[in-house]
Amino acid sequence: MGGAWGFFGYDAMDYKAAQDYLDRRAADGWVLRKVWLGFLAQFEPGEGRSHFVDLDIRPAIEDSDPDYLQLCSDAGWEQVQRDRGMILFRSQPGAHPVPIQTDPGMEQERFWKKYMLKQLLVAVIALLVSGAVLLLLPSSGMAWSNILISNAGLLYFLFLALIALYALWSGFACLAYFFQCRNMGGMAIPGRHAARARAGMDLTLSILLICVGILSLGERTGLVGQTVDLAWYPYSEEYTATVELCQEYPILTGTDLSLTVSDTHGRFLNGHRSVLAEGLDYSEVTGNCILTTQRYRCVTPFLARWTLASLRHNTANGGFHPRLAWVEAPGLGFDESWSAKDGSYLLLRQGNVTVLVGATDLDLTSPHYLALVRSRLGLEGA
């Protein structure tokens, strides 16, 4: 794959900028050979040859427009490829054709009807969808906690934020460009830097989406981000969640609470880590007591406060069983503390650590149990 190379950062909105870029390469004696991956242009020597870029206005169900392509061929243009809403042509060897579109008014009207209206609609839909998801996710405590300890989730959150910003930016850019064209009575050449910035955003979003997919697969298979995965099922031979192994982690077990271990019906511990937080999720059923520990160590107290607020909202609104009606309990001696179900459930924050801990039918606010919670969950000097 020899020849010259260049960044082809253009889409249909910037097809005039693409034309200008290819004209400059042609002036240096290079003609387009192929665009790879939508962004990388390969050129070959082509002294005296030129380019023509047009909008690809085919209906989605059509693969080709033979009449239009024949018209271009008769005029001396050969198609290189279709790329990102454009059709790229180069002149046939020895030919000196003129562009097919010669009426600025008709070209401008076609651009508005065939591209601008659709692009504005896409921008509005993308902004509404991504904005709605961004607003809804943090309001769900479990959703936010899952995102917080997942690198894939954090990247997806960033992806949605960039989609929203890009949709807003591209919508305003489309309108500004259309009015610029209308004021000059023809198709203006978009600014080179703005066109490349839009292409850079497209490339960034594509890379982010690929990374989200790779990280999601890695996290689902336990190859990335998982810190612990222990389980004990009553009717299974698998028994990795031993009491001794689980107690190596900052969680509250039935043994810590002096419950009868021989009456335990199941024990599960799962942990994940991201660049922003490390999380542990523990559950145990011993006798009639159901134990729960969700612990999040965040990189900053701000994230820990947000996590606590989100968990409080979620568990009070059906995202947790049982539904918990929290009452603020400032006297427990933590930076933030809430209790529910007569003290059976506590939601605590100390520094950058947030904890949801529960033990049905026990009052964890009693001095003895509260001391256990403080020491076992690492809330003394968090």
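A pocket here is an open set of points on a 1 Å grid over the protein atoms alone, where a 1.4 Å probe fits, with protein on both sides within 12 Å along at least five of seven lines. This is a predicted model: local features need pLDDT of at least 70, side-chain atom pairs pLDDT 80 or more, while totals for chains, interfaces and linings use all residues. Residues are numbered from 1 along each chain, and side-chain values use heavy atoms, without hydrogens or water.

**Stop 1: the pocket.** Select Asn146, Ile149, Ser150, Glu219 and His272. Of the 19 lining residues (an atom within 4 Å of a point), these lie nearest the centre of the largest pocket. Its volume is about 420 Å³, the space filled by probe spheres set on the points.

Now colour the lining: five residues are nonpolar, 10 polar and four charged. Gly counts as polar; Asp, Glu, Lys and Arg count as charged. Elements supplying at least two lining residues each include α5 (151-184), α6 (192-220) and β8 (264-273). Helices (H or I, at least four residues) and strands (E, at least two) are DSSP runs.

**Stop 2: the sheet.** Select β4, β6 and β5. They form an open antiparallel sheet in the order β4-β6-β5; pairing takes at least two DSSP bridges. β4 (51-55) and β5 (77-83) are the edges: each has a single partner, so one side of each lacks a neighbour in the sheet. Twist averages 25 degrees from one strand to the next. Six bridges join β5 to β6 (residues 86-91). Find Gln79, opposite Phe89 in β6.

**Stop 3: the helices.** Select residues 66-75. This is α2, packed on the sheet and touching β4, β5 and β6; contact means heavy atoms within 4.5 Å.

How values were computed
Axes are lines fitted to C-alpha atoms, for helices over the stretch in contact, and angles run from 0 to 180 degrees between N-to-C directions.
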